[in-house]
Every structure is written in structure tokens, then in C-alpha cells.
Amino acid sequence: MTVHAVTDDVWEVRADVGLPGGIKFPARMTVVRLPDGRLVLHSPVRLSDEDAAALERLGDPAFVVAPNGFHHLFVTPTLERYPGAEAWISPALVRKRRDLDGAHVLTREVAPFAGSLVPHHVPGSPAVEEVCFWHAPSGTLIVTDLFFNIQATSNRRTRWLFKSYGVFGRPKQSPLVRWATRDKSAAARAAHELCALPTECLVPAHGEVVTNDAARVLADVLAPMARHAPAALTDGRTK
């Protein structure tokens with residue numbers, strides 16, 4: 001079975017996304033069960049029948065979330081598998097995925113799952129517009145490309161790629177995210193808001209889950225982004 005528990009009411013489904021040149025990009029779909037038994041499928045990956053059966057034993061797949069401008073490839077197949085599910089998308093996908101015209105936009109509507117899984121928008125990057133999610137019951141912060149934590153790869157070529165971007169072997173924000181950020185002040189404010197959360201578990205879409213000193217790890221990773229905030233927001237965690 002490929003559905004594995006992460007923490008209370010949070011599971012993962014891992015998959016490798018094949019890229020040109022033999023690159024195998026490790027990816028994770030995070031699954032959150034709400035108090036009423038419905039499931040939120042965050043950043044969907046390609047699901048096998050076995051995966052789907054395992055998910056359905058956990059609860060009712062009711063929400064499919066495309067959390068930024070890049071993580072949308074498997075939204076349509078997932079919605080086809082679960083036609084009763086609602087699609088919730090990043091604002092970056094409104095124009096990029098016009099075929100999802102019936103989807104709810106995370107920054108424009110209050111999601112029905114927001115009582116347990118709170119959206120935190122990271123603005124400033126029109127191509128990315130990532131929305132992170134805070135699962136308060138378990139103290140878990142779910143992110144997509146805000147940072148990676150890739151500790152192992154399936155081949156040398158993939159390892160070389162991540163090393164060249166400086167994101168292999170430790171939690172690290174990709175330089176691509178930094179380069180894409182136009183409004184650094186807006187992004188910095190969001191970074192401070194995220195660092196203020198009492199995080200006990202970090203779940204990135206790429207790489208390993210962080211459970212050891214997660215709040216400090218998050219502050220370290222987001223420190224370069226947080227430095228662009230007004231001085232009134234700066235504190236010891238984000239210097």
C-alpha cells in the first residue's frame with residue numbers, strides 16, 4: 001500500500017514525476033481527514049486503483065486542492081475519479097487552467113474545510129501564488145514548493161540536478177521560488193505569519209517530512225524571504 005500515515009488524520013501518497021533526461025522528481029500528495037470524515041487531497045499525484053481504495057477506506061475524498069501554479073497536472077484525473085469532489089485552486093491557475101472554470105479559488109472564497117485546514121496565501125509571485133495549509137489539530141504545516149527537503153534520489157542525474165540548485169540534503173528553498181518572487185515585502189509578511197504558527201510537523205510536496213524541531217527548521221528556511229518584511233515584523237526567529 002502506498003498510502004502512509006504522517007500524523008493524526010494526515011496521510012501521504014508518494015510518487016515520482018518523470019521529467020526529460022531521466023530526472024525523477026519525488027512528489028507527495030498529502031491527505032487530510034476532516035472531523036466529519038471527508039478528505040482533502042492536497043497536490044494530487046497519479047492514483048492507482050490500490051491508492052484510491054486505500055483512500056476510500058480512510059474517508060470520503062471530497063476536496064481536491066491545486067495549491068500553486070505548478071501542482072495541477074493530476075487535478076483533472078483525480079476529479080474524474082471522484083466526480084463529487086470540489087476543486088480548490090491557487091489564483092495562479094485561474095488563467096493557466098481555464099478548463100477548471102468551475103473550481104473555487106482559494107484566495108477568493110472561504111473553503112468549507114478552513115475550520116480544520118487553514119489556508120495561508122503566500123503572495124508576491126504571480127506564477128506561483130502558493131497557498132500553504134495549517135492543520136491545527138496536529139500542528140502540521142503543509143507546503144508545496146515553498147521549500148524542499150530532498151534527502152535521497154533515485155538516480156545520479158536527479159541528485160546532480162538538486163545539488164546544482166542547492167536543495168539537496170537539507171531543508172532549503174529553491175532559488176526558482178526566490179527568482180519568481182516580485183513583491184518581496186508581501187512574501188515576507190506571509191513568511192512571518194507562517195513562522196508564528198506553533199508548527200510541530202512540516203510536510204513538503206518534495207522530500208522528507210520534518211518532525212524534529214520543525215518550527216526552528218521553518219524559520220531557518222524562510223529567513224531569507226522574511227528579511228524583506230518591515231522592521232516592525234522582524235523578531236529573533238527570522239533575523
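This is a predicted model: local features need pLDDT of at least 70, side-chain atom pairs count only at pLDDT 80 or more; totals for chains, interfaces and linings use all residues.

Colleague: Which residues of helix α1 are exposed on the face turned away from its buried side?

Modeller: Helix α1 spans residues 49–58, and Asp51, Ala52, Ala54, Leu55 and Leu58 are buried in it. Seen down the axis of α1, these buried residues fall within an arc of 165°, so they line one face of the helix. The face turned away from that buried side carries the exposed residues Asp49 and Arg57.

Colleague: How many residues in the lining of the largest cavity are charged?

Modeller: The structure holds 1 cavity of 30 Å³ or more, and the largest cavity has a volume of about 70 Å³. Its lining includes Val122, Glu130, Leu146 and Met225. The lining residues divide into 7 nonpolar and 2 polar, and the number charged is 1.

Colleague: Which element gives the largest share of the lining of the largest pocket?

Modeller: The largest pocket has a volume of about 630 Å³. Of its 26 lining residues, Phe25, Phe70, His71, Asp145 and His206 are the closest to its centre. Two or more lining residues come from each of β2, β3, α4 and α5. The largest share, 3 residues, comes from α5.

Colleague: Which element gives the largest share of the lining of the second largest pocket?

Modeller: The second largest pocket has a volume of about 200 Å³. Among its 16 lining residues, the closest to its centre are Arg14, Asp16, Pro26, Ala152 and Glu208. The elements that give two or more lining residues are β2 and β3. The largest share, 4 residues, comes from β3.

Methods: Residues are numbered from 1 along each chain as its sequence is written. Side-chain values use heavy atoms; hydrogens and water are left out. Buried means under 20% relative accessible area, exposed over 50%, partly exposed in between (1.4 Å probe, protein chains only). The arc is that of the directions from the helix axis to the C-beta atoms. On a 1 Å grid over the protein atoms alone, a cavity is a set of points where a 1.4 Å probe fits but cannot get out, and a pocket is an open set with protein on both sides within 12 Å along at least five of seven lines; lining residues have an atom within 4 Å of a point. Grid points are joined across faces, edges and corners, and a volume is the space filled by probe spheres set on the points. Ala, Val, Leu, Ile, Met, Phe, Trp, Tyr, Cys and Pro count as nonpolar, Asp, Glu, Lys and Arg as charged, and the others, Gly among them, as polar.
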